[in-house]
Amino acid sequence: MLTWLEADDPLPDTALAWGPGTDAPGLLAAGRDISPQRLAEAYDRGIFPWYSEGQPVLWWSPDPRMVLPVAEFRVSHSLKKTLRRFAADPACELRIDSAFARVIAACASTPRPGQTGTWIQPALRAAYAAWHVQGAVHSFETWIGGRLVGGLYGVHRGRMFYGESMFAHATDASKIALAALVAFCRAEGIALIDCQQRTAHLASFGARELPRAAFEQHLQHAVRLPPPVRWTYDETHWAQVLLDPGQPTAQDARPTRPT
């Protein structure tokens, strides 16, 4: 049976999540509370909400878990060229947290192939927005010519980052935001980005599945580490994903903007 949570009930042990062969592998509990306090309890343990319109809040802990080890991020030749052009163009800018509400709204409303509707329900958007004000949720934003053309948002707990959703309104705009997130995580000592569930798209960037036990073991350490102090993006961060093997310093990979 599925655990029903009242407002003051703690989330159950993740070992109780539904397993393979069930109707919803990874489903752990259901309830109504989607407050920032409940989100903090959940993400500290690697549990996340995911539900559709008309459903209660459903809490998930899949096994295995899709993660992107930032050291294994794959940058294709074409993406590297795109990133170099973006980083060198004065009309292009990567920002963090300058337009969080617009990013989560775009993630909720942008059509996706094979998908109808959105899992980012109004109550969930409001909870993430409140948590963003408290400093736990961040947006990485791709700006071109003063326009927000793509981005992503996610949750940080200590030195752990949970990627939630992304959108693109221009070619490669979400890929640029993802590369920027990886660069920031490398610079800040964040080893894993949680991707929740497997997709071929994320696997193409180096994401892979990790047993829940191994994921939770990493989590127990990572969430207790002090978080990054400054959530701002510096141009020098690009070197984290543009530096080729054999280059002696990050300065060699720093793109030069025309003056």
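An open sheet of 4 strands with mixed pairing has the order β1-β2-β4-β3. Strands here are DSSP runs of E with at least two residues, and helices are runs of H or I with at least four, both numbered from the N terminus; two strands are taken to pair if DSSP finds at least two bridges between them. At the edges of this sheet lie β1 (3-5) and β3 (48-49), each pairing on one side only. Strands β1 and β2 (residues 27-31) run parallel and are joined by 3 bridges; in β2, Ala30 is the bridge partner of Trp4.

The model is predicted: local features need pLDDT of at least 70 and side-chain atom pairs count only at pLDDT 80 or more, while totals for chains, interfaces and linings use all residues. Residues are numbered from 1 along each chain as its sequence is written, and side-chain values use heavy atoms, with hydrogens and water left out.

A further open sheet has 7 strands in the order β6-β7-β8-β9-β10-β5-β11, again with mixed pairing. Its edge strands, β6 (92-96) and β11 (208-210), each pair on one side only. Neighbouring strands of this sheet are turned by 35° against each other on average, direction ignored, with axes fitted to C-alpha atoms (for helices, over the stretch in contact) and angles between N-to-C directions running from 0 to 180 degrees. Strand β8 (residues 147-157) runs antiparallel to β9 (residues 160-168), with 8 bridges between them, and His156 stands opposite Phe161 in β9.

Helix α3 (residues 100-109) packs on this sheet and touches β7 (137-144), β8 and β9, contact meaning heavy atoms within 4.5 Å. The direction of α3 makes about 95° with that of β8. Helix α7 (residues 212-222) lies across β5 (65-69), β8, β9, β10 (192-196) and β11, and runs at about 110° to β9.
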